[in-house]
Amino acid sequence: MLGSQARRIGALILGMSFALLATAALAQQSSKESPSAPTTAPVTGADVKQVSPSVDTPKAASPPTPSQGSTAVPGWNNPPADWTALSEKPQYASIPGRETNRLIQGEGREWRAFRNGKVTQYGGWIIAIVFALIMIYYLIKGPIKLHGQPTGRLIERFDAVERTTHWVMAICFVALAVSGVIILWGKYIILPWLGYTGFAWLTIVAKNLHNFVGPLFIFSIVVLALLFVKDNLLKGYDFSWLAKGGGMLGGGEPPSGRFNGGEKIWFWAGVVVLGAFVSVTGLILDFPNWNQVRNVMQEANVIHAIAAILFICGAMGHTYLGTIGMQGAYKAMRDGYVDEQWAKEHHSIWYQEVKDGKRPERIVPAGGAAAPAPGDD
């Protein structure tokens with residue numbers, strides 16, 4: 001019985017061996033018939049024939065044609081060869097507004113070079129020269145003093161409204177001049193010793209002060225021009241005053257009205273003309289949301305700087321004569337009254353008109369209390 005079981009097990013093993021051999025033969029035959037690449041590396045020296053697969057590759061579908069103006073084109077965002085020329089021409093932009101489709105404005109380089117070059121350099125020298133000439137004149141000539149003795153009788157020079165308007169304009173002008181100097185020349189005269197952090201804070205304060213004080217300065221200019229325009233009309237004797245230099249170079253001061261020829265020139269050339277230039281250009285710079293283009297802002301900036309420099313130069317001369325340069329002049333704007341002798345020597349025609357009752361200004365007797373000027377009471 002054991003022998004028959006052993007024969008059955010041996011037959012099973014032999015049958016399984018034949019089945020494995022048949023399966024291997026069929027697999028080898030199948031591999032020869034299919035043109036696939038060998039799965040193992042060929043044996044060195046063996047006669048193995050390489051078979052290249054012949055697979056039918058489908059043709060690539062042609063891309064759809066983009067619509068006109070579309071950016072869905074290969075290479076549309078590659079930088080052009082002549083970038084400088086194309087970058088300054090209007091291109092496509094999705095942001096609405098004027099000049100939003102222009103990446104670079106070439107005039108900006110010219111404006112920056114002119115503003116940081118000639119305007120800054122020559123403007124600084126002009127202010128320094130004018131200041132030096134004023135100081136030299138003061139050191140040589142000293143203040144203009146009265147030739148006669150004060151009488152004690154006072155004549156009204158400016159009322160309260162005129163003085164208030166003048167002081168508002170003067171304070172605004174000083175704030176604008178100082179902040180403007182910081183903005184234009186600060187990086188040359190302040191940055192080296194204050195440092196970047198301190199200068200950055202100082203410039204921010206100066207810029208905001210300049211922007212917010214500017215409109216008040218414009219308003220004060222308009223009011224002051226309306227108050228003083230009548231007395232600043234040029235008369236024949238003003239040209240004689242100008243021809244003699246106001247007597248500053250000797251020979252006595254020529255007759256003049258309430259304002260002399262020099263004050264009238266300063267009123268029209270400085271307050272009116274230069275004031276108009278700095279006011280209009282200042283508003284353009286102060287309100288960029290008016291949608292003005294860049295070249296308008298650049299031109300306004302240059303005109304504003306040049307007019308402001310000339311304004312500062314004229315104001316230095318006016319301030320000098322109104323303070324330390326002429327005895328009694330500052331008191332006239334501070335208190336509103338001048339001595340009769342001062343009026344007679346510096347504005348003889350005006351003094352005579354007041355004395356004859358042709359003008360509204362009042363005369364206060366010697367020893368009497370100065371009557372309040374119109375608007376003070």
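A salt bridge here is a side-chain nitrogen of Lys or Arg within 4 Å of a carboxyl oxygen of Asp or Glu. With that in hand, here are the close-ups, each taken from a predicted model.

**View 1. A network of salt bridges links five named residues: Glu 162, Asp 231, Arg 258, Arg 359 and Glu 361.** Look for the pair Arg 359 and Glu 361, whose closest N and O atoms are 2.9 Å apart. Both Arg 359 and Glu 361 are buried. In the chain, the count of salt bridges comes to 9.

**View 2. Glu 340 and Arg 153 meet in a salt bridge.** The closest N and O atoms of Glu 340 and Arg 153 lie 2.5 Å from each other. Glu 340 belongs to helix α10 (residues 340-346), while Arg 153 sits in the loop between α3 and β1 (154-156), so this pair ties together parts that are 187 residues apart in sequence. How do the two partners compare in burial? Glu 340 has a relative accessible area of 7% and is buried, whereas Arg 153, with 34%, is partly exposed.

**View 3. Glu 156 pairs with Arg 362 in a salt bridge.** Here the closest N and O atoms are 3.6 Å apart. The pair links distant parts of the chain, with Glu 156 in strand β1 and Arg 362 in the loop between α11 (348-355) and β3 (363-364), 206 residues apart. Glu 156 is buried, because its relative accessible area of 4% is under the 20% cut-off. Arg 362, at 32% relative accessibility, counts as partly exposed.

**View 4. A nonpolar patch lies on the surface, formed by Trp 125, Ile 129, Leu 133, Ile 136, Leu 139 and Ile 140.** Together these residues have about 710 Å² of accessible area. Pick out Leu 133, which is placed in helix α3 (residues 107-141). Is Leu 133 buried or exposed? Its relative accessibility is 53%, so Leu 133 counts as exposed, the cut-off being over 50%.

**View 5. Stepping back, the chain holds 11 helices and 3 strands.** Starting at the N terminus, the elements follow the order α-α-α-β-α-α-α-α-α-α-β-α-α-β. The chain has 377 residues, and 29% of them count as buried. Among contacts in the chain with a separation of 6 or more, 72% come from residues 24 or more positions apart.

Methods:
Residues are numbered from 1 along each chain as its sequence is written. This is a predicted model: local features need pLDDT of at least 70, side-chain atom pairs count only at pLDDT 80 or more; totals for chains, interfaces and linings use all residues. Side-chain values use heavy atoms; hydrogens and water are left out. Patches are made of residues with over 30% relative accessible area and no salt bridge: like charges are joined within 9 Å, nonpolar side chains (Val, Leu, Ile, Met, Phe, Trp, Tyr) within 5 Å. Accessible areas come from the Shrake-Rupley method with a 1.4 Å probe; for residues, only the protein chains shown count as cover. Helices (H or I, at least four residues) and strands (E, at least two) are DSSP runs, numbered from the N terminus. Buried means under 20% relative accessible area, exposed over 50%, partly exposed in between (1.4 Å probe, protein chains only). Contact means heavy atoms within 4.5 Å.
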